[in-house]
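Subject: Structure handover

Hello,

Here is the structure I promised to pass on. Please look it over first, then read my notes below.

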Amino acid sequence: SVKSIDIARRATRIGEALGLTRIYGIANRVRTPDDERAVAEGIGRPVFVVPEDPVLARADLLGIAPLDLEPTSPAMLAIAAIAERVAEAETAAAPVG
């Protein structure tokens, strides 16, 4: 939503003002490439994407974690991939010694 993009933009600016050098954007409930593009343009940086996934709503209705309901759903796989990519980036950027 426009409100979410505005909040993300503000959070990014705060992080930059605090001197953070690695700020990651995550676009949730993405339905189309246009959604992803709008978020990336709105916050001024590339974003990781979690697709719209009916498993999330179903898990919420059942009161359980989506990971417990369907660990191989598109959203759960995307979240796992994001975690791996961030961990790799952070490991590569970590000082040695």
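Let me start in strand β1, where R29 is found. Helices here are DSSP runs of H or I with at least four residues, strands are runs of E with at least two, and both are numbered from the N terminus. Phi of R29 is near 60°. That is a positive value in a residue other than glycine. Most residues other than glycine have a negative phi. R29 counts as partly exposed because its relative accessibility is 47%. The cut-offs are these: buried is under 20% relative accessible area, exposed is over 50%, and partly exposed lies in between, with a 1.4 Å probe and protein chains only.

A word on the source: this is a predicted model, in which local features need pLDDT of at least 70 and side-chain atom pairs count only at pLDDT 80 or more, while totals for chains, interfaces and linings use all residues. Residues are numbered from 1 along each chain as its sequence is written, and side-chain values use heavy atoms, with hydrogens and water left out.

Overall layout

The protein chain has five helices and two strands. From the N terminus on, their order is α-β-α-β-α-α-α. The C-alpha atoms fill a box of roughly 40 × 40 × 25 Å, taken along the principal axes. The chain has 97 residues, and buried ones make up 23% of them.

The largest pocket

How large is the volume of the largest pocket? It is about 460 Å³. Its lining has 23 residues. Nearest the centre lie S1, S4, I5, N28 and V39. The elements that give two or more residues to this lining are α1, β1 (25-30) and α2 (33-43). The largest share comes from β1, with six residues. By type, the lining divides into twelve nonpolar, five polar and six charged residues.

Some terms for this part. The search runs on a 1 Å grid over the protein atoms alone; a pocket is an open set of points where a 1.4 Å probe fits, with protein on both sides within 12 Å along at least five of seven lines, and lining residues have an atom within 4 Å of a point. Grid points are joined across faces, edges and corners, and the volume is the space filled by probe spheres set on them. Ala, Val, Leu, Ile, Met, Phe, Trp, Tyr, Cys and Pro count as nonpolar, Asp, Glu, Lys and Arg as charged, and the others, Gly among them, as polar.

Salt bridges

The structure holds seven salt bridges. Each is a side-chain nitrogen of Lys or Arg within 4 Å of a carboxyl oxygen of Asp or Glu. Start with D6. Its side chain meets that of R9 at 3.4 Å, N to O. D6 and R9 are three residues apart in helix α1, so about one helical turn separates them. D6 also bridges to R10, with the closest N and O atoms 3.1 Å apart. R10 and D6 are four residues apart in helix α1, again about one helical turn. D6 is partly exposed at 25%. R9 is partly exposed too, at 27%. R10 counts as exposed, at 52%.

The side chains of D34 and R37 meet at 2.3 Å, N to O. D34 and R37 are three residues apart in that helix, so about one helical turn lies between them. R37 is partly exposed, at 42% relative accessibility. As for shared partners, salt bridges join D6, R9 and R10 into one network.

Surface and distances

Which residues make the nonpolar surface patch of about 340 Å²? They are I14, L18 and L20. I14 sits in helix α1 (residues 2-17). At 53% relative accessibility, I14 counts as exposed. Patch residues have over 30% relative accessible area and no salt bridge; nonpolar side chains (Val, Leu, Ile, Met, Phe, Trp, Tyr) are joined within 5 Å, like charges within 9 Å. Areas come from the Shrake-Rupley method with a 1.4 Å probe, and for residues only the protein chains shown count as cover.

L61 is in helix α3 (residues 54-62). It counts as exposed, at 76%. L61 and R45 are 16 residues apart along the chain, and 33 Å separates their C-alpha atoms. R22 lies in the loop between α1 and β1. At 40% relative accessibility, R22 is partly exposed. R22 and E52 are 30 residues apart in sequence and 26 Å apart in space, C-alpha to C-alpha.

Best wishes
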